[in-house]
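Thanks for coming. I will go through one structure today, starting with the aromatic side chains and then moving to the cores and the chain as a whole. Please have the sequence and the 3D view open.

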Amino acid sequence: VAFRDTPLANGIKKNPIFSILSDEEIDALARECQPLSFKIGQVICKEGARDDSLYLIFSGRVRMAAAGQDGAEMSIATLAKGDHFGEQSLLTRSASAYTLRAAEDATVFRLKREAFERLLQSKPDLKSLFEQYIANLSIRNFLKRFTVFSALPANTLKTLLKHLKSESFAKGTPIFHEGDVADKFYVLSKGRVKVVKQQAGG
C-alpha cells in the first residue's frame with residue numbers, strides 16, 4: 001500500500017526541509033512514523049530530558065517553552081501542523097533544550113532515531129538543511145529568551161534573523177571605539193565585553 005497520497009505524506013511534502021525527498025522516499029518516511037495523540041496541556045517532551053525522536057505535527061498546536069533568566073518558564077513559540085521538533089537532540093545527542101506541550105488536542109507522528117539516521121545516510125543533503133534550521137532556531141530562541149527582543153512575536157524575530165550577521169572577536173580586540181559612528185547594533189551571545197570610557201583630558 002502506497003503512503004504517498006495520504007494526509008501524512010502530503011504534509012511531509014509541504015515541509016521545506018523534506019521537499020527535497022522523492023515520492024518514494026516520502027513514502028518510506030511515512031511508513032516509519034508512529035502516530036501519537038496528546039490532550040491539551042500534556043507534555044510531549046521536557047526540557048533537560050533525553051528523547052531520541054523527531055516529531056512531525058499532524059494536527060493541533062504545540063507550545064515550545066523554556067526557562068527564562070529568572071528560572072520561570074516562558075513561551076518561545078507555538079508550532080502548528082507541518083512543523084517539526086526534536087531534531088536538535090537527535091543530531092547533537094543532547095538533552096532537549098525546550099519543553100514541548102500540547103497547546104490544544106494534538107496529533108504528532110514520531111520518527112525514532114534509527115529511522116532518522118537511516119534517512120540522513122540515504123540523503124546527506126537533508127542533514128545540512130536540518131543543521132541550518134537548528135542554527136536559525138537557536139539564534140531566534142536566544143533572542144526570545146535573553147535579549148530586549150523578547151517581546152517581539154515569532155514572525156518578527158524570523159524577519160530580524162535575515163538581517164543578523166555573526167561576528168567573532170579575539171580577546172583584547174576592540175569591537176568599536178568611542179567616537180565611532182554608531183551604525184550597528186550588537187547582541188552578545190557568548191563571552192564578555194569590557195566597556196571603557198575615556199576620561200576628559202586622558
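**Aromatic pairs, cores and overall layout**

The count of aromatic pairs comes to five. Before I take some of them in turn, please keep in mind that this is a predicted model.

Take Y55 and F85. Are their rings stacked or edge-to-face? The ring centres are 5.0 Å apart and the planes meet at 15°, so this pair is stacked, the cut-off being under 30 degrees. Y55 sits in strand 3 and F85 in strand 6, which covers residues 84–85. On burial, Y55 has a relative accessible area of 3%, and F85 has 2%. Buried means under 20%, so Y55 counts as buried, and F85 is buried as well.

Next, F58 and F109. This aromatic pair is edge-to-face, with 5.4 Å from centre to centre and 85° between the planes. F58 is in strand 3 and F109 is in strand 8, so the pair ties together parts of the chain that are 51 residues apart in sequence.

In soluble globular proteins, nonpolar side chains tend to be buried together. Which residues touch the most other members of the largest core here? They are I12, F18, L54, L126 and F130, out of 21 residues in that core. Two or more residues each come from helix 1 (7–14), helix 2 (23–32), strand 3 (53–59), strand 8 (106–112), helix 4 (113–122) and helix 5 (124–146). Helix 4 supplies the largest share, with four residues.

Look at I12 for a moment. Leaving out neighbours within four places in sequence, I12 is in contact with F18, I26, L29, A30 and L56.

Now the chain as a whole. How many helices and strands does it have? The secondary structure comes to six helices and eight strands. From the N terminus, the order is α-α-β-β-β-β-β-β-α-β-β-α-α-α. Of the contacts with a separation of 6 or more, 68% are between residues 24 or more positions apart. The C-alpha atoms fill a box of roughly 85 × 35 × 30 Å along the principal axes.

Buried residues make up 33% of the 202 residues. The accessible surface is about 12900 Å², and carbon and sulfur atoms account for 52% of that surface. As for charge, the chain carries 30 positive and 23 negative charges, and their mean positions are 4 Å apart.

K158 is in helix 6, residues 154–161, and is partly exposed, with a relative accessible area of 42%. Along the chain, K158 and R140 are 18 residues apart, and their C-alpha atoms are separated by 6.9 Å.

That is what I have for today.

Technical notes: Residues numbered from 1 in each chain as written. Predicted model: local features only at pLDDT ≥ 70, side-chain atom pairs only at ≥ 80, totals over all residues. Heavy atoms only, no water. Core = buried A, V, L, I, M, F, W, Y, C linked by side-chain atoms within 4.5 Å. Buried < 20%, exposed > 50% of the residue type's maximum accessible area, 1.4 Å probe, protein only. Contact = heavy atoms within 4.5 Å. Areas by Shrake-Rupley, 256 points an atom, 1.4 Å probe, with all protein chains shown as cover. Lys, Arg positive; Asp, Glu negative; His and termini not counted. Charge placed at Lys NZ, Arg CZ, Asp CG, Glu CD. Phe/Tyr/Trp six-rings, centres within 6.5 Å; stacked < 30°, edge-to-face > 60°.
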